Amino acid sequence: MGLVLLGVSWAMALAHSDAPQGLQRYTFTPIWLGYILVINALSVKRIGSCLMLERPKMFLLLFIVSSAFWWFFEYLNHFVHNWYYLGPPISPLTRVVTASLAFSTVLPAVLSTVYWIATFKQFHHAYTDYWTFKVPHPRAVALLALSVSTISLFALGAWPDSTYPLIWVSPLIVLISLQALTGQQTIFSVLQHGDWRPFCLPALAGLQCGFFWELWNYGGMTPWKYNIPFVDRFHLFEMPLLGYAGYLPFGLECILVASFLGLTVHTGPQTQR
């Protein structure tokens, strides 16, 4: 079902029709619903379970949280203008509704991908008992990091051409700092034990989803384009190659949002709660 939905929707997205009422604008959501079905089906094929079946209520909640999550990045983009959307004009209400539906697929897609990656024992062997890293004076470091990262977000409006990478880094640091200050485990907490899974697996999932976001955007009749200072060359699809680095911290931000919801997907299905 996922493959059919994905294939038909992608074909419609690539259809060359100049009609303003064409359906190309609305294909993003079904494409990614198809991907979500496929990646969950692959997890079932490997270990007999998947995020969709194991935590169905939480899985549905992810769609709602995801929409608000990505609207936050749309707000930050108003300061740096790193991406913009093409296509025939539509009413503000239609844009908000269709965009919200599209944004709702982000977290389910990334977290389902993390779950699927975690079904491979090779990743657990590679990133467990790895290099140990301990943060000295974690609360003091967290407070300093929270202050600097919060201030850095305000720098986006003042110096957008030089600070735009902070869109992906600063929110990540803010979330980790809040976890540390409230006494919660962070991705850095487990690094001191050599467990790099909560760091590496979400980053890989973010990069994988990023590749498919750009692939299925390329050649469509209503794509988004990029305007990224200093690195706008050597493109893979619409995205400059160096721009893909932003998907690595984005994957970590997705897993942190999941952790705030009480969802763990990076440690392997056998330890799911």
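The model is a predicted one, so please read the values below as computed from it.

**Helix α12**

Let us start with α12, which covers residues 247–260. Its 14 residues, at 1.5 Å a residue, should span 20 Å, and the C-alpha atoms at its ends are 20 Å apart, so expectation and model agree. Most of this helix is covered, with eleven of the 14 residues buried. The buried set begins with Y247, then takes in P249, F250, G251, L252, E253, C254, I255, L256, V257 and A258. Their cover comes from several elements, including the helices α4 (56–80), α6 (106–117), α10 (166–181) and α11 (197–217). The strands β2 (224–226) and β4 (239–240) are also among the elements that cover the buried residues of α12. After the helix comes G262, which has a positive phi, near 85°.

**α4 and its two partners**

Helix α4 packs against α10 and against α12. Here are the two pairs side by side.

| Helix pair | Angle between axes | Axes apart |
|---|---|---|
| α4 and α10 | about 130° | 11 Å |
| α4 and α12 | about 140° | 12 Å |

How are α4 and α12 oriented to each other? Angles over 145 degrees would count as roughly antiparallel; at about 140°, α4 and α12 are therefore oblique. α4 crosses α12 in a right-handed sense. On the α4 side the contact is made by V65, F69, W70 and F73, and on the α12 side by F250, E253, C254 and V257. Sorted by class, these are seven nonpolar residues, one charged and no polar. The α12 residues in this contact, F250, E253, C254 and V257, are also listed among the buried residues of that helix. As for spacing, an α-helix has 3.6 residues a turn, so residues three or four places apart point the same way.

With an angle of about 130°, α4 and α10 are therefore oblique too. Their crossing is right-handed. From α4, the residues W70, F72, F73, L76, N77 and V80 meet I167, W168 and P171 of α10. This contact counts eight nonpolar residues, one polar and no charged. W70 and F73 take part here as well as in the contact with α12.

**A serine in a loop**

Finally, S49 sits in the loop that links α2 (28–47) to α3 (51–54). Beyond its neighbours within four places in sequence, S49 contacts S43, V44, E54 and Y115.

Terms used:
Residues numbered from 1 in each chain as written. Predicted model: local features only at pLDDT ≥ 70, side-chain atom pairs only at ≥ 80, totals over all residues. Heavy atoms only, no water. Helix = DSSP H or I, 4+ residues; strand = E, 2+ residues; numbered from the N terminus. Expected span 1.5 Å × (residues − 1). Buried < 20%, exposed > 50% of the residue type's maximum accessible area, 1.4 Å probe, protein only. Contact = heavy atoms within 4.5 Å. Axes fitted to C-alpha atoms, helices over the stretch in contact; angles between N-to-C directions. Parallel < 35°, antiparallel > 145°, perpendicular 65-115°, else oblique. Left-handed = near helix turned anticlockwise from the far one by under 90°. Nonpolar A, V, L, I, M, F, W, Y, C, P; charged D, E, K, R; others polar.
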